[in-house]
Amino acid sequence: MRIGIVGGLDRGAPELAQAARDGGHELEFHKGHMSGPHADSLRALVSRVDAVIILTEINSHAAVLLARKQARLRGKPTRILRRLRPAQLASVLPDLAAAA
């Protein structure tokens with residue numbers, strides 16, 4: 001399953017990607033920036049993935065709202081979390097896979 005993560009810090013991406021690979025999944029990241037072409041790249045990410053995890057601690061309000069709206073329009077399961085660590089991702093993945 002392909003999962004999109006919206007928001008968060010780049011420095012945690014390698015560990016999250018490894019946790020996803022360990023579970024047989026792929027991750028795509030969007031930093032949550034909304035200026036310029038970033039809104040279009042967020043829409044494209046949501047259309048490509050099977051499920052979306054939206055982080056709120058390090059994310060713009062506009063990115064959270066747009067990601068939720070796009071996921072709802074496309075029928076993609078979502079989880080909204082304050083932050084995300086690799087162990088937490090491993091516990092969320094089975095629920096997302098079941099919902100997708």
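Modeller: Helices are DSSP runs of H or I with at least four residues, strands are runs of E with at least two, and both are numbered from the N terminus. R79 gives a case, for R79 sits in strand β4. This is a predicted model: local features need pLDDT of at least 70, side-chain atom pairs count only at pLDDT 80 or more, and totals for chains, interfaces and linings use all residues. Residues are numbered from 1 along each chain as its sequence is written, and side-chain values use heavy atoms, with hydrogens and water left out.

Biologist: Is R79 buried, partly exposed or exposed, and what is its relative accessibility?

Modeller: Buried means under 20% relative accessible area, exposed over 50%, and partly exposed lies in between (1.4 Å probe, protein chains only). R79 is partly exposed because its relative accessibility is 28%.

Biologist: Which residues is R79 in contact with, leaving aside those within four places in sequence?

Modeller: Contact means heavy atoms within 4.5 Å. With neighbours within four places set aside, R79 contacts V52, I53 and I54, and also V92, D95 and L96. Take I53 from that list. R79 and I53 are 26 residues apart in sequence, yet their C-alpha atoms lie 4.9 Å apart in space.

Biologist: And which residues is I53 in contact with, under that four-place rule?

Modeller: I53 reaches I3, G4, I5 and V6. Its contacts also take in R79, L81, L84, L89, V92 and L96.

Biologist: How many residues does the largest nonpolar core have?

Modeller: A nonpolar core is a set of buried Ala, Val, Leu, Ile, Met, Phe, Trp, Tyr and Cys residues joined through side-chain atoms within 4.5 Å. The largest one here has 15 residues. I53 is among those with the most contacts inside it, along with I5, L27, L84 and L89. β1, α1, β3 and α4 (86–99) each give at least two residues to this core. The largest share, 4 residues, is from α4. There is also a second, separate core of 13 residues, which includes A39, V46, V49 and L66.

Biologist: L66 is in α3. Which residues of α3 are buried?

Modeller: An α-helix has 3.6 residues a turn, so residues three or four places apart point the same way. In α3 the buried residues are A63, V64, L66, A67, Q70 and A71. Their cover includes β1 (2–6), α2 (38–48), β3 (51–55) and β4 (78–81).

Biologist: How far does α3 reach from its first C-alpha to its last?

Modeller: The expected span is 1.5 Å times one less than the number of residues. α3 runs over residues 61–74, which makes 14 residues. Its reach is 20 Å, close to the 20 Å expected. After α3 comes G75, with a positive phi near 70°.

Biologist: Where is the place of T56?

Modeller: T56 lies in the loop between β3 and α3. T56 counts as partly exposed because its relative accessible area is 35%. Beyond four places in sequence, T56 touches V64, I80, L81 and R82. T56 and G8 are 48 residues apart along the chain, with 7.9 Å between their C-alpha atoms.

Biologist: In which helix is P86 found?

Modeller: P86 belongs to α4. P86 is partly exposed, since its relative accessible area is 33%. Leaving aside neighbours within four places, P86 is in contact with E15, L16 and A19. P86 and R48 are 38 residues apart in sequence, and 22 Å separates their C-alpha atoms.
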